[in-house]
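Hello,

As promised, here is the structure for you to look through. Please open it first, and then read on for a short tour of what turned up in it.

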Amino acid sequence: MLTEEPIRTRFAPSPTGMFHVGSARSALFNWALARQQDEGRFVLRIEDTDAARNKPEWTEGIIQALAWLGISASDPHFEGPYFQSDYAGKHRESAEQLYKQGRAYYCDCTREQVQARRDNPNLGYDGFCRDRGLEPGPGRALRFRVPEGGPTVVDDAIRGRVEFDHASIEDFVIARADGSPLFALANVADDIEMQITHVVRGEEHLSNTPKQQLLWEALGHTPPGWAHLPVIVNEKRQKLSKRRDKVALESYQQEGYLPEAMVNYLMLLGWAPGDDREIMPWAEMEPLFRVSDVNSSSAFFDEKKLRAFNGEYIRGLSVEEFVRRCRPWLDPEVAPWSEENYDEDIFRAVAPLAQSRVAVLGEIVLNVDFLFLDQPVFDEASWTKAMKPGVGAEMLSATLKRFADPELAWEAEELKSALEEVGQARGLKLGKAQAPVRVAVTGRTVGLPLFESLEVLGRDRTRHRIDAALARLNA
RNA sequence: GCCCCCAUCGUCUAGUGGCCUAGGACGCCGCCCUUUCAAGGCGGUAACGCCGGUUCGAAUCCGGUUGGGGGUACCA
């Protein structure tokens, strides 16, 4: 391994329109390694060769997602983005070189012929064209000539020595009949061109590795250090798939997961800092990360734990920062209230009360909507529960009367004592007594501390809502 | 089928031959606090897949087995 040379890691996503959480973890691990050395580099290469599914805007999405994670394109350790499609010439040269060296040969077998002919059902291509000396031509693909004897040994930083017998590796295609190189070749040619020293990627690539290592050697270069990260799985222990699982980083972002919580959680999928700490900022984790310390078994993406981390990070924010981070969800453009009704100062007044009550930022809306809506949104289950006959109407009308008293200072502590008295007169503890008022004013049985909320809402609006609830009760 | 990887509480993990009657975190349960709900505090539940070795001694080393997973394209 080129430990003397500065580390050059790479992150090589194909632009498919969404950023997978597994990719995010790979990127983070690669980023940490690159940042540990002054001259370390993290190379971003967009593998856009599959023109069929590939749009320019996806690339922008990748860069934004990386930036969200703290992997900034303006950081001196960041290099790229490079586009695989720009290196097509280089790929063809590599294919040519391999052919001239006799390390690859042309093959005109169709898929059907390969299928029909194979004597060993356990192997794919049988090497039919190996020695036919075919020249390049239409309908002829280029295959790599896998050496006859011995194994290829992959030295993996996470898994150790992994042996692949050459007998189990078929002569794989490296360039299509139309001359265009395949992933296996393009990927290696690019890594060589970009002087990548360490390939840290998902375990699903482990089976490709002996082929790629063979290619590196055939092309005259020392293979990089390999590290294959365990796959991230769902509750059924299958690799996270975009069809059935929630894998898009953007979806977590939209729900209100903080990047620092996501980064922290992702780093812990397969790796641990060592002591008994789990909540640890990136700046502390980065220098501690060792790829050889990464676990080799698959890891379940546990959103419950992510949520817990996120709540922890939210509570750690200053109030002002919390307010700032909530803005995207409070914006009247997307929130259920109108521009005229929204007032950030009002939100700021209750923000400290809300901060410990949300695990993801998106939940902020249901916590404060009653402040900015003309009418609260009544949760029917809450209504039924709080407005029990004999309690609901009683409490509401008595409270309405009590709150009309101009002597009553409109301040949380005063309001609390007032309601306590109203409740006591009816043999109700505060817990029970406050319920109808809470539902009348906020629409729900759970929420922010009531009296602070009332104070912010104001006497008139509070009384109006209690009155309206009374009407609703009698309707 | 074949190739390859993996195996500690439900989950993420610590653990690299004795410090382990296996530690932490999430979850779950209980108690406390309490104007609801959270948050917070305290306590609890729960694991070395199985069988053989090696060794004075094994969660840690070796073999097998079982069970998971990944890969098997002229996709990336």
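Let's begin with Asp191, which counts as buried because its relative accessibility is 1%. Here, buried means under 20% relative accessible area, exposed means over 50%, and partly exposed lies in between, with a 1.4 Å probe and protein chains only. Those areas come from the Shrake-Rupley method with that 1.4 Å probe, and for residues only the protein chains shown count as cover.

Before going further, a word on the source: this is a predicted model, where local features need pLDDT of at least 70, side-chain atom pairs count only at pLDDT 80 or more, and totals for chains, interfaces and linings use all residues. Residues are numbered from 1 along each chain as its sequence is written, chains are lettered from A and ligands numbered from 1 in the order in which they are written, and side-chain values use heavy atoms, with hydrogens and water left out.

**Charged pairs**

Side chains of opposite charge can pair when their charged atoms come close. A salt bridge here is a side-chain nitrogen of Lys or Arg within 4 Å of a carboxyl oxygen of Asp or Glu. By that rule there are 34 salt bridges.

Which residue does Asp191 meet in a salt bridge? The partner is Arg45, at 2.9 Å from N to O. This pair links distant parts of the chain, with Arg45 in strand β2 (residues 41-46) and Asp191 in helix α5 (residues 183-193), 146 residues apart. Helices (H or I, at least four residues) and strands (E, at least two) are DSSP runs, numbered from the N terminus. Arg45 is buried too, because its relative accessibility is 0%. Salt bridges that share partners also join Arg10, Arg45, Glu47, Asp190 and Asp191 into one network.

Compare that with Arg145 and Asp131, whose side chains form a salt bridge at 3.7 Å, N to O. Arg145 sits in the loop between β5 (141-144) and β6 (151-156), and Asp131 in the loop between α4 (111-117) and β5, 14 residues apart. Arg145 is partly exposed at 24% relative accessible area, while Asp131 is exposed at 71%.

A further salt bridge joins Arg444 and Asp369, with the closest N and O atoms 2.9 Å apart. Arg444 lies in the loop between α17 (430-442) and α18 and Asp369 in helix α13 (residues 364-372), so this pair ties together parts that are 75 residues apart in sequence. Both Arg444 and Asp369 are buried.

**An enclosed helix**

Why is α13 largely enclosed by the rest of the structure? Because eight of its nine residues are buried; among them are Ile364, Asp369 and Phe372. The cover over the buried residues of α13 includes α11 (319-330), α12 (344-355), α17, α18 and α19 (459-474).

**A patch on the surface**

Glu411, Glu413, Glu414, Glu420, Glu452 and Glu455 gather in a surface patch of negative charge. The elements giving two or more residues to this patch are α16 (412-424) and α18 (450-457), and α16 gives the most, with three. Glu413 is in helix α16 and is partly exposed, with a relative accessible area of 48%. For patches, residues need over 30% relative accessible area and no salt bridge; like charges are joined within 9 Å.

Enjoy exploring it!

Methods
Patch = residues over 30% accessible without salt bridge, like charges linked within 9 Å, V, L, I, M, F, W, Y side chains within 5 Å. Lys, Arg positive; Asp, Glu negative; His and termini not counted. Charge placed at Lys NZ, Arg CZ, Asp CG, Glu CD. Contact = heavy atoms within 4.5 Å.
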